[in-house]
Amino acid sequence: MGSFDGVAIIGAGAAGLMAAATAAERGREVTVFEKMSKPGRKILATGGGRCNFTTACTRREIEQAFGRTGGRFLRHALAVFGPEKIVSFFEECGVPVKLEQGKRYFPESGRAKDILDALLRRAGNSGSVIRTSRSIKKIERDRKGFLLTTEHEVKNTDRLLITTGGMSMSRTGSTGDGYRFAESLGHTIVKLHAALVPVETEEDWVAELAGLNLVNVRLTCRMAGKKKSAPRFGEMIFTHYGISGPIVMDASKEIGEALVDGPVAVEIDLKPALDHGKLDARILRDFSKTPRRQFRNSLDRLLPKSLIPVIVRLSEISPEKRVAEISKEERARLRILLKGLPLTVTKLRPIEEAIITAGGVALKEIDPGTMESRLVPGLFFAGEVLDLDGPTGGFNLTAAWSTAYLAGLNL
């Protein structure tokens, strides 16, 4: 059995590496155990490989995005290490950053690898040791702290931080180990489910549009009792099984909760910048330019090419009909379709395809001022393993950095 006079961190992802650098820079001996052969794989996969690493939203806006309980829990961490300090941290690490639409910060290069490399440099320069291909099989408490059992050894440490992530994107190493460790040490795990995940739809025509990306559209869900959700505005993509993209993933948690009552109706406003009157005028103007053109060939100024056959079919207007002959009622059907393309969501995709996991270590059992367990002295948690989940746009990485930084200070 070996031991070390320092802290052990399980998981070399975003939270683990941030905490390692923070603790080591304050004089602690830090060893990070990572079961994968390379650290930070999920960082490389975020933001389509570009890594939207934080947001320009205010602390108050971030708190609201995580809901009442999550926002209150994050308040102190965000005050200590919020978006402005996160941006400064990476700039100090040599990463030029840029602010894009939607208050989203990215590395200027557009490469997630720059964020990971900066973290690894910072952790390494501070003296942290990262031990890859080291899977922790069991954690036990003893009078000196904790016993960590791997395939080949047993290590003893007095301070332990669990930053193993959730169960989403399991190919990156997030397979739920942290929940098992937390439960074995007496913690409660709030029910786990997918958050920020694509959805499957009933309509088979979505497969015709697989790969089509739509920007500046609005998505609205109709829940039980005809109640509408708050609309999401932005980008989405069609897939062979349904729909995905930022606005779909943002709505997926709400959709998942509503699916217990049956399929969920979704509407996509393809022209949110135009009200019904302005859209009707636009359609009339396009039709008047080429009155003898067949309907199936008349929407190229209004819609992406691959979407036109689907809209023509759903409108129930004859594809061969000359646009000058289209009636007011038919035009109204087309307008309503463009302002509310209907889809029926039948289920969420598997949790392995989600960006993050909802649920996790119960927040009431963690001190929000230190990230230390209220149940087990010397045990800390940070990042996605906690019962925290927010929308797309850099919110979840912000929570990971801020909780990890706070844990690093207190280790």
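In this predicted model, Phe90 is in contact with Phe53, Val95, Ile115, Ala118, Leu119 and Trp401, leaving aside neighbours within four places in sequence. Phe90 belongs to the largest nonpolar core, which has 74 residues. Phe53, Ile139, Leu386 and Trp401 join Phe90 as the residues with the most contacts inside this core. Helix α12 (residues 395-410) supplies its largest share, 9 residues. A second, separate core has 44 residues, among them Val217, Val264, Leu270 and Val312.

Aromatic pairs number 7. Phe53 and Tyr105 form a tilted pair, 6.1 Å centre to centre, with 40 degrees between the planes. Phe53 lies in the loop between α2 and β4 and Tyr105 in strand β6, so the pair ties together parts 52 residues apart in sequence. Phe53 is buried, at 0% relative accessibility. Tyr105 is also buried, at 18%. Phe81 and Tyr405 are stacked, at 4.1 Å centre to centre and 5 degrees between the planes. Here the loop between α4 and α5 is linked to helix α12, across 324 residues. Phe81 is buried at 4% relative accessible area, and Tyr405 at 16%.

Two arginines sit over rings. The charged end of Arg50 is 4.0 Å from the ring centre of Phe106. Arg349 lies over the face of Tyr241, 3.9 Å from the ring centre.

A closed barrel of 6 strands runs β13-β16-β15-β14-β17-β18, with antiparallel pairing. Neighbouring strands are turned by 50 degrees against each other on average, direction ignored. Strands β14 and β15 pair over 5 bridges. Asn213 stands opposite Ile237 in β15. Helix α11 (residues 328-339) packs on the sheet and touches β17 and β18. Its direction makes about 105 degrees with that of β17.

How values were computed. Residues numbered from 1 in each chain as written. Predicted model: local features only at pLDDT ≥ 70, side-chain atom pairs only at ≥ 80, totals over all residues. Heavy atoms only, no water. Core = buried A, V, L, I, M, F, W, Y, C linked by side-chain atoms within 4.5 Å. Buried < 20%, exposed > 50% of the residue type's maximum accessible area, 1.4 Å probe, protein only. Helix = DSSP H or I, 4+ residues; strand = E, 2+ residues; numbered from the N terminus. Contact = heavy atoms within 4.5 Å. Pairing = 2+ DSSP bridges. Axes fitted to C-alpha atoms, helices over the stretch in contact; angles between N-to-C directions. Phe/Tyr/Trp six-rings, centres within 6.5 Å; stacked < 30°, edge-to-face > 60°. Lys NZ or Arg CZ within 6 Å of the ring centre and 35° of its normal.
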